[in-house]
Amino acid sequence: NSDLILYVNLELVNKKSDRRYIVEEMLGQGTFGQVAKCWDAETNSYVAVKVIKNQPAFYQQAIMEVSLLSMLNDKFDPDDQHHIVRMLDFFPWKNHLCITFEMLGHNLYELLKKNNLRGLQLQFVRTFSRQILDALIVMKGAGIIHCDLKPENILITPKVNSAAGVKVIDFGSACMEGKTIYSYIQSRYYRSPEVLLGYPYTTAIDMWSFGCIVAELYIGLPLFPGASEYDVLSRMIEMVGGQPPDDLLREAKNTRKFFKHAGSIYPGNEAHDGLRSSYRILTEDEVEARDSKKPKIGKWYFPRGRLDRLIFSYPWKNLNEEAEKEDCLALVDFLRGLVEFDPNKRWSPLQAS
Ligand code: ATP
Ligand code: MG
Ligand code: MG
């Protein structure tokens, strides 16, 4: 990878015939390639250039990124009002596809780290959430599923009239609703129950990730920092209460990885909406016996427990005033609509706004 960085630097700087983009620094690396801050000598401005790895699968997906994002930019957000990154150009370069974007600021994970992972003030949580939701409304209207919403893929925008703002980036995993191809999508902490379970998915999976992000912005740590998919799912069940509805469990491909079917209604099992379920989640011992290895414990110390307790008792916040407690109640309510196991009952972007 460091070879590639050097390669990119030398080549882009030294290309005699086309000196348009001059690499200044590396901004980030992802699975798909590298992103560099470049000086655009033609427009005299900074741009972010994403250099996609030169392998066919990445190229195909990058073509998808270009086509979905240009559709979003041009058709659904022509006036750049909906907090979606602007794509400026794309060009092939030495077997690499390169995509240029407007230059944005730090991503939200970097912002949380700067704040010692103690979470943001509610005022910022609210502003950023509204803006992400605005982007999600447009994406749903366009029938686009982002498939990789997470703090690393939401960037701070340069200050306009000193108002804080964010934009959604990285459509490198996105797809059209109804034309879903991949089943292994979303980053693990932000992965929705239906994707974990291998059930057909819709734009509702982005709303699950959005809920995880809103909670993380407030508490400073991921809501479901599971070391394995089982760990993520068991944290969801513990945190939210209930579990995915029975018809989803019956039809999903991976149910047996996580749940035991009891044949009849499993006694005492509080399932979705308080209905009794015929499934129960496997115990850690059962998973261990099956995998002959214990699920690793998440690397963060994290208060496991119920969502409302987490939001209210989080140590960095001091909730002295009644108004702040009411804000917390409203936040828990909001999160409950989003981290809802049943994709059909989960709030849509419009319902949440
Ligand atoms: P992933 O592994 O999440 O799929 P990726 O390879 O698809 O990543 P991006 O998410 O598009 O790449 O970009 C990687 C990182 O580069 C981002 O998290 C962000 O920190 C930085 N970055 C990307 N685009 C920009 C931009 N327009 N302005 C500033 N920084 C950017
Ligand atoms: Mg990314
Ligand atoms: Mg990506």
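Start with the open sheet: five strands in the order E1-E2-E3-E5-E4, with antiparallel pairing. Two strands count as paired when DSSP finds at least two bridges between them. The strands themselves (E, at least two residues), like the helices (H or I, at least four), are DSSP runs numbered from the N terminus. At the edges you'll find E1 (21-29) and E4 (87-93), each pairing on one side only. Neighbouring strands here are turned by 25° against each other on average, direction ignored; axes are lines fitted to C-alpha atoms, for helices over the stretch in contact, and angles run from 0 to 180 degrees between N-to-C directions.

Before you click further, note that this is a predicted model, where local features need pLDDT of at least 70 and side-chain atom pairs count only at pLDDT 80 or more, while totals for chains, interfaces and linings use all residues. Residues are numbered from 1 along each chain as its sequence is written, and chains are lettered from A and ligands numbered from 1 in the order in which they are written.

**Stop 1: across the sheet**

Select E1 and E2 (residues 33-40) together: seven bridges join this antiparallel pair. A hairpin through three residues links E1 to E2. Pick Glu-25 and you'll see its bridge partner in E2, Lys-37; do likewise with Gly-28 and you land on Val-35.

Val-35 also has a bridge partner in E3, namely Lys-50. E2 and E3 run antiparallel and are joined by eight bridges. While you're on this pair, Gln-34 stands opposite Val-51 in E3. Now go to the hairpin of E2 and E3, which has four residues between the strands, and click Asn-44: it takes a positive phi near 50°.

Carry on from Val-51, whose bridge partner in E5 is Cys-98. Five bridges join E3 to E5, again antiparallel. If you show side chains along the way, remember that in a regular strand they alternate between the two faces of the sheet.

**Stop 2: ligand 1**

Which residues are closest to ligand 1? Gly-28, Gly-30, Phe-32, Ala-48 and Asp-170 are, out of 22 residues that surround ligand 1. Colour by class instead and you get 10 nonpolar, seven polar and five charged residues. The classes are Ala, Val, Leu, Ile, Met, Phe, Trp, Tyr, Cys and Pro as nonpolar, Asp, Glu, Lys and Arg as charged, and the others, Gly among them, as polar.

**Stop 3: the core**

Zoom out: the protein has 13 helices and 11 strands, and 36% of its 353 residues are buried. Buried means 20 or more other C-beta atoms within 10 Å of a residue's own, exposed means 12 or fewer, and partly exposed lies in between, with C-beta atoms placed from the backbone.

Next, show the largest nonpolar core, which has 78 residues. Such a core is a set of buried Ala, Val, Leu, Ile, Met, Phe, Trp, Tyr and Cys residues joined through C-beta atoms within 7 Å. Helix H6 (residues 204-219) supplies the largest share, 12 residues. Ile-132 is among those with the most contacts inside the core. Leaving out residues up to four places away in sequence, Ile-132 touches His-83, Ile-154, Val-166, Val-168 and Phe-210. Contact here means C-beta atoms, placed from the backbone, within 7 Å.

**Stop 4**

Select Ile-156 in strand E7 (residues 154-156). Buried or partly exposed? Ile-156 counts as partly exposed because 17 C-beta neighbours lie inside 10 Å. Beyond four places in sequence, Ile-156 is in contact with Leu-104, Gly-105, His-106, Leu-111 and Val-166.

Finish at Asn-115, in the loop between helix H3 (108-114) and helix H4 (122-142). Asn-115 is partly exposed, with 14 other C-beta atoms within 10 Å. Draw a C-alpha to C-alpha distance to Gly-220: 8.2 Å in space, for residues 105 apart in sequence. Asn-115 touches both Leu-120 and Gly-220, not counting residues up to four places away.

Conventions
Near = placed C-beta within 6 Å. Contact = placed C-beta atoms within 7 Å.
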